Amino acid sequence: MVQSPASPKAFRLWPFVFIALVVGIAAIGFAYTAGWLSPQRLTPKKLVAGLAPPGGPALGYRRNHAKGICFTGTFEANGEGSALSKAPVFVRGQYPIVGRFNLATPNPNAEDAMVRVRGLGILITTPDGQQWRSAMINAPIFPVSNPQAFYDLLTASASKDPDAMKNFIAANPGFLTFLPWAKSDQWTESYAEEPYNSLNSFLFVDESGAKHAIRWSLIPAAQPVSISPADLAKRGPDYLEQEITQRVAAGPQHWNLVVTVANPGDPTADPNKAWPADRRTINVGTMTVQQIEPERDGPCRDINYDPTVLPTGITTSDDPFPAARSAAYSRSYNSRTAEEADYPRTATGAKQ
Amino acid sequence: MTTTRTRFTAPQRLLHWLMAICILSMLFIGVGMVSTITTRYLTLVQIHKPLGIAILVLALIRLTLRIIYGAPSLPADLPEPIKLAAISSQYIFYVLMIAMPLIGWAMLSAAAYPVVLFGSVHLPSILPVSPSLHTLLWRAHHYLAFAFFAFILMHVAAILFHKLVRNDGVFEAMAPVLTQDQRERIDRLE
C-alpha cells in the first residue's frame, strides 16, 4: 500500500502557483484556438451573420440561397471524365442525384425578379457510397477574389456609409469585371435555361496520381430565352418554381457537365478571374432532372450542399473559397436544422 | 476493481499518455476548426474524424484492460470526498472518451454527411437523417467538448497536487517513466 509521509510538511506556496500557471496557460491556449482572444478573426459565425438582412435571418432556412426547390434525377457519365479523374462518378453509368434550384438571397420569400444570381446544388451518389456535392451559380465569375473580400462586400452593401461601396470597389477592382454580367438584361425565363458554374477550381486526380486543375459547368440543353427583369416580375413572384415544375412534369430536362482544364499558370486560386475561352473542355456526362419536389418536405431540405464533400479523385485546389464555404455552410446547417419549428415540414397556413 | 499494485500496467500507462495527446489535440482541433474559414478548416476537419474514431477504439481497448487489470488503490489516508472525486472522475473520463466519438459519428449520420475516414474509406451511417436528432447531438458534442476540456484541466491540477503537495504516489501510478528515487520509493512500498 502507498503511504503518505508521517510528518505533516510545512505549507509551500510554489506548487499552487505552478498548478495555477499550468492550468491557466492551457486554458488561454484553448481560448485563443477557439478565437475568443482574436476578435478580428473572420469566423464562420461572422461570415454567416454578414449574410443576414437587417431584420435577421429567416429562421429554419438556409442562411443564403434561402429560396429554392428540390429535384431528383440522374447523372449519366459517358466515361470521358475517367481520363482526368479516378472518381467512380466518371465511370460510364448512371448515378442518382438529389438537387436543388435556388436563388442567391437570404430571403426565402424574395421575388424571382429581384434576384440576379441563380444557383444549383447537386449531390451525386455512386454505388460504393461516395458522394460528390457541388453548389454552383449561373454567374460566369465570382464577384470577389477571396473570402475576406466577400465578407467586405457584405459589410459594404449593408453599410449606411454612402462611400462604403466606392471604398470596397477601390480595394477590390475585380468586382468591376463582375458588374457587366450582373447589370445585363440577359436574364432567362427558366431555371432550366441557365448554365451553372463551379467557379471554384478543384483538382482532378487521375489513376496515375497526376493532378489536373479544373472548373466545371452544367450547360443547359434548353435554348435560353431572354427576359427582362421587369417582364419576369409581371409573371409573378414565384414564377421560376412554377415554371420548372410544369416544364419537368412535361419532360425531363438535361444539362451537359463540361469540365474545363486549366493551362499551367491559369489563376486557380481566384474565382473572380475567368480562364481564357480556348481552354480544353471535356463533356463528361449528362445531368437529367426528372422530378421536381417542394423544398419544405422535399429530399434536398436536409442536405448541406457543401462543395468539399468530394469523392476520391477530386480534391480542393489552392482556391480558398471551398474551405470558407464549407465552414460557413456547416454553421448555416447547424442553425437552420435547430430551427425546424420555424419552418415546419408540412405547410399549415404558412406561405406555400 | 482495484489491486494492491502501486502502478498501472505498462500497456495501461502507454494508452493513457497516447490518449492524452490524442484527446488534447482533438479538443484543440475541434474548437480551432469551427472558428476559422481558412483552408486550415478542411485539414482540421479531415484530421478530426479519423482521430475521433481512433480515440473510440483506444478507449474501448483501455476499458477492457482496466476491467482485466484494474487500478492501483488510492492512498489510504486520502480524505473520502477526494477519493470519491478521484473515482468518479475516472468514470466520467471513460464515458466522455467513448461517448464523444459516438456522438460525433451519430451527428454526421443524422445530417446525411458521409463519415469519411480517409480516401474512400468511410463508416456506415448509424442514424437516420433527422434535423432534431442532429440538433440534439450537435449540442451534446459541443457542450461536452468544453466539459471534457474542463475535466482535463481539473485532472491535471489534481495530479500536480498529488505530486507536488502530497507526494503520495498517485502520480507515479500513471507516470510514463520513473526517476531513480521514485523507483526506490516504490520498491520500498512494495
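How much area is buried between chain B and chain A, and what share of it do carbon and sulfur atoms give? In this predicted model, the area buried between the two chains is about 4000 Å², with 69% coming from carbon and sulfur atoms. On the side of chain B, the residues that lose the most area to chain A are B:I37, B:Y113 and B:L164, which together make up 17% of what that side buries. In terms of residues, 48 of chain B are in contact with 52 of chain A.

Four helices of chain B, namely α1 (10–33), α2 (40–69), α4 (131–166) and α6 (180–189), each give two or more residues to the side that touches chain A. Of the elements of chain B, α4(B) gives the most to this side, with 16 residues. By class, the side of chain B that touches chain A consists of 28 nonpolar, 15 polar and five charged residues.

Chain B carries a domain annotation in UniProt. The unreviewed entry assigns "Cytochrome b561 bacterial/Ni-hydrogenase" to residues 7–175 of chain B. Over this range, chain B is 75% helix and 5% strand.

A:H65 is located in the loop that lies between α2 (44–51) and β1 (67–77) of chain A. The relative accessibility of A:H65 is 18%, and this residue therefore counts as buried, the cut-off being under 20%. When neighbours within four places in sequence are left aside, the residues in contact with A:H65 are A:R100, A:N102, A:L103, A:A104, A:T105 and A:I137.

Burial was also examined in helix α5 of chain A, which spans residues 175–183. Within this helix, A:F175, A:F178, A:L179 and A:W181 are buried. An α-helix has 3.6 residues a turn, so residues three or four places apart point the same way. The elements that cover the buried residues of α5(A) include α3 (147–158) and α4 (164–171) of chain A.

How values were computed:
Residues are numbered from 1 along each chain as its sequence is written. Chains are lettered from A and ligands numbered from 1 in the order in which they are written. This is a predicted model: local features need pLDDT of at least 70, side-chain atom pairs count only at pLDDT 80 or more; totals for chains, interfaces and linings use all residues. Side-chain values use heavy atoms; hydrogens and water are left out. UniProt positions are given in the numbering used here, feature names are shortened, and annotations may be inferred rather than shown by experiment. Contact means heavy atoms within 4.5 Å. Buried area is the accessible area (1.4 Å probe) that two parts lose on being put together, summed over both. Ala, Val, Leu, Ile, Met, Phe, Trp, Tyr, Cys and Pro count as nonpolar, Asp, Glu, Lys and Arg as charged, and the others, Gly among them, as polar. Buried means under 20% relative accessible area, exposed over 50%, partly exposed in between (1.4 Å probe, protein chains only).
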